[in-house]
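Please walk me through this structure in the viewer, one selection at a time. I would like to know what to select next and what is there.

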Amino acid sequence: MLGTAAGGGFPQWNCACALCDLSRRDPVRCTPRLQLQAVVRSHGRNVLLNAGPDLRVQIEATPTLQPKPENGRRNTPIGGIVLTSADLDQVLGLLLMREFQPLRVYATPLVRRVLEANSFFRMLERVPQQLTWITMLPDEPFELLPGVTCTAIPMSDDLPYYAKSFAAGAEPGQAVVGLVLASEGKKVVYTPAVGHISEALYSKYAAADAIATDGTFWSDDELQQAQPGTPLAREIGHIPMSGEDGMMARLAELRGPRKVFVHLNNTNPILDRQSDERKAVLAGGWEIAEDGWEL
């Protein structure tokens, strides 16, 4: 995990709420976090799970992702990027990788169409064979890295605000996907945005060795408490952690896998290491991912 915060990072650049203020004053108690970014490694090769806005900083903080002088002036150990949606927080990092570097991008046909329609992303195709698209279809496994199989799982048909015009006629199950990563008999389910837990998704969680899932909000009205007039967590595709129908309650009987929260919004009280909410999460058998954390 190169970053574990939701959009805007933590502390958020334009926020002076109690948590962001505490993070600036006491970063030990309330540790700053970069925006969500994960990487999968196998046999010396790396694939990014999405490409967030903080990617350049995250690469420079991670030696295994940096170019090596012995491989020439221009090189990268990053062998590809898997996109789980067209959300800006997941794709803006692609534009940071435009330096005539050949890239392999795995995406559903719908996400590809959304990005190809945006003139900004033509910067990734300034020279021949700079950008190679790999089609990723829901529920169809493919080899992502040597010994690592990846399967996209449908999560939501909600497109980001800037791409709403693509909703008409869009293929179901392609707007937002989760990922099942399998290697040597072990499975990790990566679902940082969860608006609904279907029976199929619960079954995938139950069959996994670990899940990294949506920890965006503690409560449904969390944003409204910070800024009146903003939507509820569920209205923007995130089941909150707490409550009778929250993430912890829904997955309380899930005993097999390690359960890890990622994608924490700057308003989430579990960011404070001394909060009662954080204690409740840990007491419930959950882990809270940190930047630099490895599974």
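A salt bridge here is a side-chain nitrogen of Lys or Arg within 4 Å of a carboxyl oxygen of Asp or Glu. Keep in mind that the model is predicted.

Start by selecting Arg-258 and Glu-287, which form a salt bridge with their closest N and O atoms 2.9 Å apart. Arg-258 belongs to strand 11 and Glu-287 to strand 12, so this pair ties together parts 29 residues apart in sequence. Arg-258 has 38% relative accessibility and counts as partly exposed; Glu-287, with a relative accessible area of 24%, is partly exposed.

Next, select Arg-29 and Asp-272. Their side chains meet in a salt bridge of 2.8 Å, N to O. Arg-29 sits in the loop between helix 1 (18–25) and strand 1, and Asp-272 in the loop between strand 11 and helix 8 (276–283), so the pair ties together parts that are 243 residues apart in sequence. Is Asp-272 buried or exposed? At 10% relative accessibility it counts as buried, while Arg-29, at 26%, counts as partly exposed.

Then select Glu-290 and Arg-33, whose side chains meet in a salt bridge of 3.1 Å, N to O. Glu-290 is in the segment after strand 12 (286–288) and Arg-33 in the loop between helix 1 and strand 1, 257 residues apart. Both Glu-290 and Arg-33 are buried. The whole structure has 11 salt bridges.

Now turn to the pockets. For the largest, select Asp-87, Asp-89, Ile-236, His-238 and His-263, which lie nearest its centre among 44 lining residues. Its volume is about 1100 Å³. Strand 8 (176–183) gives the largest share of this lining, three residues. By class, the lining has 20 nonpolar, 20 polar and four charged residues.

For the second largest pocket, the space is about 810 Å³. Select Val-39, Val-40, Arg-41, Glu-294 and Leu-295, the closest to its centre of the 30 residues that line it. Strand 1 (38–42) is one of the elements giving two or more residues to this lining, and its five residues are the largest share. The lining divides into 18 nonpolar, five polar and seven charged residues.

Leu-88 lies in helix 3 (residues 88–95) and, at 40% relative accessibility, counts as partly exposed.

Key: Residues are numbered from 1 along each chain as its sequence is written. This is a predicted model: local features need pLDDT of at least 70, side-chain atom pairs count only at pLDDT 80 or more; totals for chains, interfaces and linings use all residues. Side-chain values use heavy atoms; hydrogens and water are left out. Helices (H or I, at least four residues) and strands (E, at least two) are DSSP runs, numbered from the N terminus. Buried means under 20% relative accessible area, exposed over 50%, partly exposed in between (1.4 Å probe, protein chains only). On a 1 Å grid over the protein atoms alone, a cavity is a set of points where a 1.4 Å probe fits but cannot get out, and a pocket is an open set with protein on both sides within 12 Å along at least five of seven lines; lining residues have an atom within 4 Å of a point. Grid points are joined across faces, edges and corners, and a volume is the space filled by probe spheres set on the points. Ala, Val, Leu, Ile, Met, Phe, Trp, Tyr, Cys and Pro count as nonpolar, Asp, Glu, Lys and Arg as charged, and the others, Gly among them, as polar.
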